[in-house]
Amino acid sequence: MSKNQYVVRNGDKWGVRGEGNERLTRSFDTQREAIDHGRGIARNQGSELRIQGQNGQFREAWSYGNDPYPPKG
């Protein structure tokens, strides 16, 4: 599985960061632009996109990888 992608606040802008990376993949003026870009990466890599809200907490996550239902166990 590839790296999960995170949409994060970056000062007064928004960015997309791969899991474990310190640097942003790319910076955007709006959260919507960052989500669209991060979604494309997550779809291509079959990973998850996690979105940080204005308050700094992660508000939602979208999975584009192998997510079997029902889960084993």
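**Briefing on a predicted protein model**

Gly-18 counts as buried, since its relative accessibility is 3%; buried means under 20% relative accessible area, exposed over 50%, and partly exposed in between, with a 1.4 Å probe and protein chains only. The model is predicted, so local features need pLDDT of at least 70 and side-chain atom pairs count only at pLDDT 80 or more, whereas totals for chains, interfaces and linings use all residues. Residues are numbered from 1 along each chain as its sequence is written, and side-chain values use heavy atoms, with hydrogens and water left out.

**Overall architecture**

- The protein contains 1 helix and 5 strands, where helices (H or I, at least four residues) and strands (E, at least two) are DSSP runs numbered from the N terminus.
- Along the sequence, these elements follow the order β-β-β-α-β-β.
- The protein is as compact as a globular protein of its length, because its radius of gyration of 13 Å is close to the 11 Å given by the globule rule for 73 residues; the radius is taken over C-alpha atoms, and the rule is 2.2 Å times the number of residues to the power 0.38.
- Along the principal axes, the C-alpha atoms fill a box of roughly 40 × 25 × 20 Å.
- Of the contacts with a separation of 6 or more, 29% join residues 24 or more positions apart; contact means heavy atoms within 4.5 Å.

**Surface and charge**

- Of the 73 residues in the protein, 33% are buried.
- The protein has 12 positive and 9 negative charges, and their mean positions are 2 Å apart. Lys and Arg count as positive and Asp and Glu as negative, without His and the chain ends, each charge being placed at NZ of Lys, CZ of Arg, CG of Asp or CD of Glu.

**Nonpolar core**

- The largest nonpolar core has 10 residues: Val-7, Trp-14, Val-16, Phe-28, Ala-34, Ile-35, Ile-41, Ala-42, Leu-49 and Ile-51. Such a core is a set of buried Ala, Val, Leu, Ile, Met, Phe, Trp, Tyr and Cys residues joined through side-chain atoms within 4.5 Å.
- At least two residues of this core come from each of strand E2 (13-18), helix H1 (31-45) and strand E4 (48-52); H1 gives the most, with 4 residues.
- Beyond four places in sequence, the contacts of Val-7 include Trp-14, Val-16, Ala-34, Ile-35, Leu-49, Ile-51 and Phe-58.
- Ile-51 lies in strand E4 and counts as buried, with 0% relative accessibility.
- Among the residues that Ile-51 touches, beyond four places in sequence, are Val-7, Ile-35, Phe-58 and Trp-62.
- Ile-51 and Gln-5 are separated by 46 residues in sequence, with their C-alpha atoms 8.7 Å apart.

**Other selected residues**

- Gly-18 belongs to strand E2 and, leaving aside residues up to four places away in sequence, touches Lys-3, Asn-4, Gln-5 and Thr-25.
- Between Gly-18 and Asn-55, 37 residues apart in sequence, the C-alpha distance is 20 Å.
- Asp-12 sits in the loop between strand E1 (5-10) and E2 and is exposed, with a relative accessible area of 63%.
- Asn-66 follows strand E5 (58-63) and is exposed, with a relative accessible area of 73%.
- Asn-66 and Glu-48 are 18 residues apart in sequence and 9.9 Å apart from C-alpha to C-alpha.
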